[in-house]
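Have the sequence and the 3D view open as you read.

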Amino acid sequence: GHFKQPFGLESLTSSNHITFIERAVPNALFPQRSAGMMYHTSCMSDKLSLQFGHFYEKGSEGFSREAHNMTGRLTYLPISDDKKLLHIGTSFARRVNLTETGEDHNLNILVSPENDFGTDLLIYNNKADAMSLIGAEMSLVLGSLSFQAEYMTSSIDDEKNAEDQFDGTFNDTHNTNASGYYAQASYFITGEKRTYKSSYSGFGRVVPKKNWLDGNSLGAVEVAVRYSGLSFNETYWMDDKSEVWMSEGATSLNNFTVGLNWYINPSMRVMFNYVTSVKKYNDMDDMDDVTENALISRIQFNF
């Protein structure tokens, strides 16, 4: 079918139930939904879970038979009871034949701050043979307090010319490395807690102890903070106007987000996020950092 590839915890958690309005920047390294097939199983009273699948990349004219992924994920729940939960896991993926044969179609990674209305501050666009990714994840729930973190690293087998120039003539294989991470914490000041659904679905719906619409409660109120980052040892792409190859060398994007969530009832919530993002040019002393600040909100209904 067409469904999410088993890579990472936040990417598998529904956008209806993630803590912040947008997912953390490391998720830009990996496509979420693809066409393919997957085998998954669990044992030890569902404490140990395995997912493994074969998926096809979406090209310029639909899904390609040549570009495909092998993706797998292993998770374990050392602690799982009504008050405490500890989730740990690791993922891997191998993406091959990412550049379509005879087509001007590159591997394109666009990274905006944790605000989809923002500018794409990191851009990677190049012909690539393959991409390998490894990820690690954890989440700890202690009643109303929870922590979550992930780390991802990737190596892209892309193309670059022998003179190490960006003139558009590629005749040599080259590796571009990228890595990203995030760490977050949240707390329900009204006493609720995050609900764990399953290894493949991540976290689920928050149910307030009392609904605000009943007239006798504020509902559930959650405060959260997150710090995240994503860096490339090189970023380069073809400029559409000048048609020359552009490079910014090693670049990184760091984000700090503060969030406030108001769960009116199990199907309604109001979200506020303040996001500050800084792009750094690690190899260019003459380039100033780029800073973007945003205040975003969402009123959400789901059923």
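A salt bridge here is a side-chain nitrogen of Lys or Arg within 4 Å of a carboxyl oxygen of Asp or Glu. Lys 280 and Asp 289 give an example, their side chains meeting at 3.1 Å, N to O. Lys 280 is partly exposed at 33% relative accessible area, and Asp 289 is partly exposed at 42% (buried means under 20% relative accessible area, exposed over 50%, and partly exposed in between, with a 1.4 Å probe and protein chains only).

Before going on, please keep in mind that this is a predicted model, in which local features need pLDDT of at least 70, side-chain atom pairs count only at pLDDT 80 or more, and totals for chains, interfaces and linings use all residues. Residues are numbered from 1 along each chain as its sequence is written, and side-chain values use heavy atoms, with hydrogens and water left out.

How many salt bridges does the structure hold? There are 6. In one of them, Arg 226 pairs with Glu 10, with the closest N and O atoms 3.0 Å apart. This pair links distant parts of the chain, 216 residues apart: Arg 226 is in strand 13 (residues 220-238), while Glu 10 is in the loop between strand 1 (2-4) and strand 2 (33-43). Strands are DSSP runs (E, at least two residues), numbered from the N terminus. Arg 226 is buried at 2% relative accessibility, and Glu 10 is buried at 3%.

Another salt bridge joins Arg 298 and Glu 22 at 3.7 Å, N to O. Arg 298 lies in strand 16 and Glu 22 in the loop between strand 1 and strand 2, so this pair ties together parts that are 276 residues apart in sequence.

Now look at Thr 257, in strand 14 (residues 245-265). Its side chain makes a polar contact of 2.9 Å with that of Glu 114 (a pair of N or O atoms within 3.5 Å; within protein, one must be able to donate a hydrogen and the other to accept it, and residues adjacent in sequence count only if both atoms are side-chain atoms). Thr 257 counts as buried because its relative accessibility is 1%.

Finally, turn to the loop between strand 15 (268-281) and strand 16 (290-301), where Asp 286 is placed. Asp 286 is exposed, since its relative accessible area is 66%. Back in strand 15 you will find Phe 272, which counts as partly exposed at 41% relative accessibility.

Key
Helices (H or I, at least four residues) and strands (E, at least two) are DSSP runs, numbered from the N terminus.
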